[in-house]
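Hi everyone, thanks for coming. Let's have the structure up on the screen and walk through it together.

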Amino acid sequence: KELKISQKEAGEFIKRYFERYPGIRQYIEETVKLAEERGYVKTIVGRKRYVPELKSKSHQVREWGKRIAVNTPIQGSAADLIKSAMVALHRALKNKGLKTRILLQVHDELLLEVPENELEKVKELLAEAMGPMGEFLTDETLEEMEISHLTPDLVPKFVDVLISKIPESCMIEGENCRERFS
C-alpha cells in the first residue's frame, strides 16, 4: 500500500530479490526449520529466544513466529554485541579515569558525553571495547562517527530527559541506573 504498487508487482519484486540473493531465502528456511524443531533460536552468544508462536493453530500467529525466528538471531546478536561493547567501554573509561560517560544505548548506537580533550582516546577505547568487531572501525570510519555538540545550557535538560526515560528497575553492577547517571 505504501509503495502504491499492486500485489502482483510486489510479488514480482520479492521474487527477483530472492533470485538475486538466494542465500537469504536459504537462511530464512533453515532458521525457521531449526526453530520449529528446537522451539527456540539463539543469538551469536547463545542467548535463547523461545518461539511458541510457531506451534499456534492460527496462521497469522505462526507467520509472526517465523518473523521472530528469522529476526532474533540477527537483531539479538547485534544487541549482544553492543551490550558487550558498552560494558567493556564502561570498564575501560573507569580504569583510565576518564570523564566520558555513556548516556544512552538505542539499538546499535551508543550516545556518549565526551570531553573534547578525551575524544581521540575514547575512539581508541571504543574500537578495543568492540573486540573483533572493532577491527571494522578504521581511522576513516572513526572520523565519520557523528559528533554532536550540545551547548552547555542544553546539556542539563537533555540529560534530565534521558535519565527520566531509564526504568526504575534498571541496575548496573548493583547500582541503580538513575542514581548512577544523575
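Let's start with a bend: helix α3 has a kink of about 45° at T72, shortly before the proline P73. The bend at a residue is the angle between axes fitted to the seven residues ending there and the seven starting there. Helices here are DSSP runs of H or I, at least four residues, and strands are runs of E, at least two, numbered from the N terminus.

A word on ground rules. This is a predicted model, where local features need pLDDT of at least 70, side-chain atom pairs count only at pLDDT 80 or more, and totals for chains, interfaces and linings use all residues. Residues are numbered from 1 along each chain as its sequence is written, and side-chain values use heavy atoms, leaving out hydrogens and water.

Now, how do α2 and α3 pack? Helix α2 (residues 22-38) meets helix α3 (residues 59-95) at an angle of about 105°, with axes 9 Å apart. They are therefore roughly perpendicular to each other, a label for angles of 65 to 115 degrees. In contact, meaning heavy atoms within 4.5 Å, are residues including Y27 and I28 of α2 and V70 and P73 of α3.

Just after α3, G97 takes a positive phi of about 70°.

Finally, confidence: pLDDT is the predictor's confidence in each residue, from 0 to 100. The chain's mean is 78, and 70% of its residues reach 70 or more. Where pLDDT is low, the predicted coordinates should not be read in detail.

How values were computed
Axes are lines fitted to C-alpha atoms, for helices over the stretch in contact, and angles run from 0 to 180 degrees between N-to-C directions. Angles under 35 degrees count as roughly parallel, over 145 as roughly antiparallel, 65 to 115 as roughly perpendicular and the rest as oblique.
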